Amino acid sequence: MARRFVIRATGPARPGQTATLSTALATAGLQLLDMDQHVAFGQVRLEALVETDDEVDVAALLPSAGDICGLDCRVEAVTPEMTLGWAEEAAAPRWVLSVLGPRISAEVVAEVATLTASEGLTIERIKRLSAPPSLDAAPEALSHGACLQWRLRGESADLQALRERMLALSERFAVDVTLQPAELWSRHRRLVCFDMDSTLIQAEVIDELARRHGVFDEVAAITARAMRGELDFQQSFRERMRKLEGLDESVLAEIAESLPLMPGAERLMRHLKRLGYRTAILSGGFTYFARYLQQRLGFDEIHANELVIRDGKVTGEVAEPIVDAARKAQLLEQIASREGLDLAQTVAVGDGANDLQMLARAGLGVAFHAKPLVRREAALSVSTLGLDGLLYLLEYPEWALVPE
């Protein structure tokens with residue numbers, strides 16, 4: 001009758017240990033069913049699941065510790081209960097939890113571990129994606145912030161309640177705690193779509209135009225009405241545009257040249273282009289400024305609202321179609337379909353309520369430095385790092401990125 005055993009070998013990591021152990025298994029005539037190896041902080045953990053038809057003492061067939069390059073080997077017989085448990089583990093949902101921030105303290109790790117345990121989630125692995133120095137170093141010492149990625153297994157009883165607790169923890173410790181399913185496409189996203197104002201740039205362009213035209217207070221009042229739900233986006237957009245009638249075209253170039261980029265935008269775009277992602281701006285702002293960013297940062301395509309200019313002056317008219325929330329989501333789908341991509345391969349990044357439909361439609365929707373309502377509604381939220389923090393959510397360790 002076939003019998004199964006787990007062989008666990010641990011000790012200081014050295015070259016040749018896997019070869020020595022697997023050679024011993026072959027010499028003993030054991031059938032290898034599975035194997036796992038992990039090295040951290042100079043220590044190796046090597047495990048093998050084996051099967052034999054003979055009534056043999058598997059432990060006696062293995063070399064001594066010294067003969068396996070210093071590893072301590074233990075043999076454990078597999079019970080039916082263990083096999084059942086492994087089957088249940090294999091069927092359980094997998095998750096990727098990311099902790100990002102200027103620094104990550106032991107207290108933060110303890111709180112996250114307590115939270116996952118309370119939800120019945122098992123931690124399979126924790127690994128660091130950010131570069132040295134220490135996770136808890138002063139923020140200025142961590143050029144791109146700190147990030148720990150947790151691989152979890154299990155079924156959360158209430159996923160929405162878990163996300164709310166994670167958001168509360170994020171706000172309490174000034175870190176970002178995000179959770180996403182570990183799916184087939186998690187490491188194979190191919191399209192990233194960005195909002196522009198207050199996402200790629202640290203400004204709302206229409207406010208800057210209104211300031212230069214001397215109508216900022218009037219435009220702000222219209223925006224406030226929209227925020228109260230008295231006007232929808234298209235109504236408020238048309239009213240604000242009418243206030244810009246007569247603005248000189250030369251002002252547009254002056255504002256474009258002075259637009260402050262969001263921290264991390266240039267680094268993120270450099271890596272996305274190197275990694276082969278298609279990138280797009282989907283904005284309720286204006287093509288004039290989106291085109292400027294396209295030329296500066298290398299976006300593949302832009303979709304925004306067209307400023308109608310006649311005789312060197314802004315007319316205040318609105319060119320159709322207006323890029324609103326529904327249009328952004330529609331454009332995301334259209335680009336993905338045109339490029340032959342599954343929607344699960346898409347990423348959307350934005351900060352406002354006008355982005356929520358786009359964030360919900362994308363495979364990975366990220367609320368970036370967003371308003372409280374958007375942070376609560378979006379699946380993932382980043383508020384403590386720059387735009388290049390998105391690379392961590394795409395699961396790129398800093399050491400694997402092309403040096404700058």
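Glu301 counts as buried, at 9% relative accessibility; buried means under 20% relative accessible area, exposed over 50%, and partly exposed in between, with a 1.4 Å probe and protein chains only. Its partner is Arg338, and the two form a salt bridge with the closest N and O atoms 2.3 Å apart. By salt bridge I mean a side-chain nitrogen of Lys or Arg within 4 Å of a carboxyl oxygen of Asp or Glu. Arg338 sits in helix α12 (residues 325-338) and Glu301 in strand β11 (residues 301-305), so the pair ties together parts 37 residues apart in sequence. Helices (H or I, at least four residues) and strands (E, at least two) are DSSP runs, numbered from the N terminus. Arg338 is partly exposed, at 48%.

Some ground rules. This is a predicted model, where local features need pLDDT of at least 70 and side-chain atom pairs count only at pLDDT 80 or more, while totals for chains, interfaces and linings use all residues. Residues are numbered from 1 along each chain as its sequence is written, and side-chain values use heavy atoms, leaving out hydrogens and water.

Next pair: Glu395 and Arg187, bridged at 3.0 Å, N to O. Glu395 lies in the segment after α15 (390-393) and Arg187 in the loop between β8 (176-181) and β9 (191-194), so this bridge ties together parts 208 residues apart in sequence. Glu395 is buried at 9%, and Arg187 is partly exposed at 48%.

Then Arg94 and Glu124, at 2.9 Å, N to O. Arg94 is in strand β5 (residues 94-101) and Glu124 in strand β6 (residues 122-128), 30 residues apart.

The structure holds 31 salt bridges. Arg8, Asp36, Arg45, Glu47 and Glu76 are linked in a network of them.
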